[in-house]
Structure formats: structure tokens, C-alpha cells
Amino acid sequence: MTPLIEANNLVRVYQMRRGLFGRPSPVRAVDGVSLSVMPGETLGIVGESGSGKSTLGRMLLGIDAAQEGTVRFQGQPMPALHSPEWRALRAKMQLVFQDPLAALDRRVTIARQIAEPLEIHRLMPRQHQGDRVAELMRAVGLRPDQAGRYPHELSGGQRQRAVIARALASRPKLLVCDEPVSALDVSIQAQVVNMMRDLQEKNGIAMVFISHDLKVVRNIADRVAVMYLGRIVEEASSDVIFRAPQHPYTKALVSSVPVPGKPLEGRVILQGEPPNPASRPSGCAFHPRCPLARDICRSVVPDLLEAGEGRTAACHVVAGETAPVAA
Ligand code: SF4
């Protein structure tokens, strides 16, 4: 089956200035990432702040152009940003941001904003949009009588539901959700995630779900890609990642997720802060924080290799357990 979206060796480099008078230096925000998402599948992308996951999400939609590599949607190359072909494709690919208040226009009613994609993509005459808006509002758990409200008249959770309703209006094939519940109260997060999962299953939508919060990702993702400093360091089914992580970074992330009834002792604690992307460590970028680092890790970048159970991992030690490597 053809993947819905397929990225091959994506690279995105930014020029970052250190301090007011510093010279700009290149930062490889996304550095050789390949992935694919099948129709109806949810891929979770996790990693700490600065890992490149948001940039990757925008590159998948063609909003950030790849400097190297390719993105294909339904087997076809991603058209250039703002081209007529790209605008037409945007009806099939929608983005849900972290902050619903920033994503919504404070001066426009919720109903008008949910109907926006119907207008932009000329999907439905205005006289029929009311029924579709009411249907979408019910689908995300809003009452149609809230249609005339403005964003500030809704709670944070209701605003994010409205943003999701707007994203669904054009019946997309793909949703890229960038930290969609991070700004919500913990008590609301689970409700919104469950609602998204139900809608996704019902409508057969594929999702790229970007989050630093592994608890949330565990609840929604079929597969998980773990990013560190612009690269995928481990990818596997959600079950494999959470049951038996292999990469030391994944182990530390998974270990940090609280499990009811499981004692804190024995957890792998992630040491130190993520390094500055502008001064990437040599070899394996994780080596300054890795409890298993050995000499080879400081000089040789590990390749992303098959590592059993349908997993790929980029680690000399994991590779050494599946195939001998020079230490
Ligand atoms: Fe740790 Fe080395 Fe594996 Fe990197 S390659 S995660 S430093 S053991």
C-alpha cells in the first residue's frame, strides 16, 4: 500500500545568531529524517524541546521547504509552497497548533472560523455551511448553540475543540498536530486526546502527533519516532517503544513516564540539558548524556539500523547487540 505521506532524508538548516553581535552559524534543525505514515495511522513524534519535531511537522506539510530530501503525499511530490497545487492539497492536510487562542481570530465567531476551510477551498455554498458547522461542533463535543460565541467566551479545551473542528471541516486525510493538548489543563487533556482518537478512527484520518509528553503519545500513537537534535534515534510500534525501548535516550524518556503503582526506584534519569543545536556534539549527539557511551560514540555517528521487533535504532550499543561493531 502506498504511504499517505512519505519523507525521505529531509534536511532543514537555519542560521542562528549567538548573542546580539554574534556571527550566524548553521543549525541543522532536521538532519536526514526519513519516515512514512500509512492512511489512518497515527505516528507520534517525541523528543525534548529543540529536537526538531515541530520543524519536521511543518516540512511534512510543505510549510517549511526541505533544503535536501523529498516529501511525497499519496505518492506525488509535495508542490511548492503557495502554488495553486499546494493550496489545493492543503484541504487534505491540516495543522493543529498548541495554542488555540493564537490559532483563532478573536474578532470572528467560532462558527465562521470553523467554516473557513469550506470557504477557502470552495467546498460548499454558504447556505449549506450551517448544517456542516453544527455537525462538526457536535463531533468535537461542542454544542451548536455555542456557534455565535467568540474565542474568549470559550474555555481552553472548548477553543481547542473548535480548532480541531475547523481542521476537520475539509475532510482531511492527514492531521499534523503540534503539541495539541500541551496548553490545556491535565484534566482536560485526556478528554481532548480521547476525542481526537475517536474522530480519527471514525474518519480514517492519519495523524502525525508531535508532543514532548509521552503519556499523551502512548494513548494515541500506533507508532512512535523518537527525535534527538534533528535526527530520529529510534522508531517502532508504540507497544514496542513503551514495553522494551532500546536506545538509551528512549529508555530515559519512557522511564520518566509515571506508571501508577510502579516505584520510582530503578528509573533511568536523563542527565543534563539538551545540548545547544548550534554546537552539536561529535559522533552520537547523545554521548555527553549517555550512561553507556564508549569511545566510538564520541567520533562515529551511529546509523539508524534494524534492531528487531520492527524497530530501527541509531546506537552503537544496540547495533552491537544485534550485529558486531568495532568498539
Ligand atoms: Fe549512547 Fe553510544 Fe548509543 Fe549514543 S551510540 S546512545 S552515546 S551508547
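Two strands pair if DSSP finds at least two bridges between them. Helices (H or I, at least four residues) and strands (E, at least two) are DSSP runs, numbered from the N terminus. The model is predicted: local features need pLDDT of at least 70, side-chain atom pairs count only at pLDDT 80 or more, and totals for chains, interfaces and linings use all residues. Residues are numbered from 1 along each chain as its sequence is written, and side-chain values use heavy atoms, with hydrogens and water left out.

**First stop: the eight-strand sheet**

Select the open sheet with the order E6-E7-E8-E3-E9-E10-E12-E11, whose pairing is mixed. Strand E6 (93-96) and strand E11 (305-306) are its edges, each pairing on one side only. Now show E6 with strand E7 (residues 174-178): the two run parallel and are joined by four bridges. Leu-95 stands opposite Val-176 in E7.

Angles run from 0 to 180 degrees between N-to-C directions, with axes as lines fitted to C-alpha atoms, for helices over the stretch in contact; contact means heavy atoms within 4.5 Å.

**Second stop: helix H1 and the four-strand sheet**

Select H1 (residues 53-60), which lies across E1, E2 and strand E4 (68-73), at about 125° to E1. H1 also lies across strand E3 (42-46), E7, strand E8 (206-211) and strand E9 (223-228), at about 155° to E8.

Next, show the open sheet E2-E1-E4-E5, which has antiparallel pairing. Strand E2 (24-37) and strand E5 (76-77) each have a single partner strand, so one side of each is left without a neighbour in the sheet. Eleven bridges join E1 (residues 5-17) to E2, and Val-11 has Asp-31 in E2 as its bridge partner.
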